[in-house]
Amino acid sequence: MPLIKVILGSTRPGRFGEQPAKWIMELAKSHPGAKFELVDLKEINLPLLDEPVPALMSQEYVHEHTKQWSKIVDEADGFIFITPEYNSGVPAAMKNAVDYLAVEWRHKPVAFVSYGAGGGGILAVNNWRSIFAYLSLLGLADHIHFNEYYKHLDEAGNLSPSDEQTAKGHLLLKNISFWADKLRPIREELANRL
Ligand SMILES: Cc1cc2nc3c(=O)[nH]c(=O)nc-3n(C[C@H](O)[C@H](O)[C@H](O)COP(=O)(O)O)c2cc1C
């Protein structure tokens, strides 16, 4: 069964990001074809990239935090990025976490849940797509965005997605599960050829 990691990328106190992360994890309970795990970058707490050798050149990491982060990403078969948009681009803590590694991301599918004030995180996701093309991830078209996210809250302040967003959420989970499963043997084949 493929393992999909849901990466919660905001690390700010009072962050909104927990809500879409919880929402997608809740929906994931009705997708038994894959295992979903939440990865909270606030808990992982990586310092600013401090490996002397770029991950693209070597996986001989010197720091324990890099080794642990490498294991977390390496064992995943796919990812869902829960991303805010900061200043029309990707959030720094999330980009820092991505930059730590290289081969651990490669040839794995990624889908997106984004949110923002005016832009719904669409610029951030476009930014992610070019970053992930460089790292050879398979960026799925599946992308749910919460534009003016504060308009999607119920009276208690909890995220309350529309039926359409929920249907898109299920489709995203179905598609990421499919591709995570299909790409796993292909990665093994590639590894044997290299
Ligand atoms: C540094 C910073 C930059 C932001 N830039 C944008 C932006 O470019 N577009 C946007 O729609 N919202 C922007 N916002 C508003 C965020 O969408 C909003 O604060 C959201 O709660 C951030 O996600 P978080 O709470 O999970 O960190 C920005 C917020 C911060 C803190």
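User: Which residues are linked in a network of salt bridges?

Analyst: The general idea comes before the case. Side chains of opposite charge can pair when their charged atoms come close. In this predicted model, the network links Lys-5, Lys-35, Glu-37, Lys-71 and Glu-75. A search of the whole structure finds 13 salt bridges.

User: How far apart are the closest N and O atoms of Lys-5 and Glu-75?

Analyst: They are 2.6 Å apart, and the two residues form a salt bridge. Lys-5 belongs to strand 1, whereas Glu-75 sits in the loop between helix 3 (64-74) and strand 3, so the pair ties together parts that are 70 residues apart in sequence.

User: Is Lys-5 buried or exposed?

Analyst: Lys-5 counts as buried, at 2% relative accessibility.

User: What is the distance between the closest N and O atoms in the salt bridge of Lys-35 with Glu-37?

Analyst: For that pair the distance is 3.4 Å. Lys-35 is partly exposed at a relative accessible area of 46%, and Glu-37 is also partly exposed, at 27%.

User: Which residue does Glu-148 meet in a salt bridge?

Analyst: The side chain of Glu-148 meets that of Lys-151, with 2.9 Å from N to O. Glu-148 counts as partly exposed at 26% relative accessibility, while Lys-151 is exposed, with a relative accessible area of 57%.

User: What polar contact does the side chain of Asp-142 make?

Analyst: The side chain of Asp-142 is joined to that of Asn-175 by a polar contact of 3.0 Å. Beyond its neighbours within four places in sequence, Asp-142 is in contact with Ala-111, Phe-112, Arg-129, Leu-171, Leu-172 and Asn-175.

User: Which residues of helix 1 are buried?

Analyst: In helix 1 (residues 18-28), the buried residues are Pro-20, Ala-21, Trp-23, Ile-24, Met-25, Leu-27 and Ala-28. These pack against strand 1 (3-8), strand 2 (35-40), strand 3 (78-84), strand 4 (109-116), strand 5 and helix 6.

User: What volume does the largest pocket have?

Analyst: Again, the idea comes before the case. Rolling a probe the size of a water molecule over the atoms shows where empty space is left. Here the largest pocket has a volume of about 220 Å³.

User: How many residues line the largest pocket, and which lie nearest its centre?

Analyst: The lining has 13 residues, and those nearest the centre are Val-103, Arg-106, His-107, Arg-187 and Ala-191. Helix 6 (residues 163-193) gives the most to this lining, with 5 residues.

User: On to the backbone. What is the phi of Asn-87?

Analyst: Asn-87 is not a glycine, yet its phi is positive, about 50°. Asn-87 lies in the loop between strand 3 and helix 4 (92-99) and is exposed, at 80% relative accessibility.

User: Where is Ser-88 placed?

Analyst: Ser-88 is in the loop between strand 3 and helix 4. Ser-88, not a glycine either, has a positive phi of about 65°, and counts as partly exposed at 48% relative accessibility.

Notes
Residues are numbered from 1 along each chain as its sequence is written. Side-chain values use heavy atoms; hydrogens and water are left out. A polar contact is a pair of N or O atoms within 3.5 Å; within protein, one must be able to donate a hydrogen and the other to accept it, and residues adjacent in sequence count only if both atoms are side-chain atoms. Contact means heavy atoms within 4.5 Å. On a 1 Å grid over the protein atoms alone, a cavity is a set of points where a 1.4 Å probe fits but cannot get out, and a pocket is an open set with protein on both sides within 12 Å along at least five of seven lines; lining residues have an atom within 4 Å of a point. Grid points are joined across faces, edges and corners, and a volume is the space filled by probe spheres set on the points. Helices (H or I, at least four residues) and strands (E, at least two) are DSSP runs, numbered from the N terminus. Buried means under 20% relative accessible area, exposed over 50%, partly exposed in between (1.4 Å probe, protein chains only). A salt bridge is a side-chain nitrogen of Lys or Arg within 4 Å of a carboxyl oxygen of Asp or Glu.
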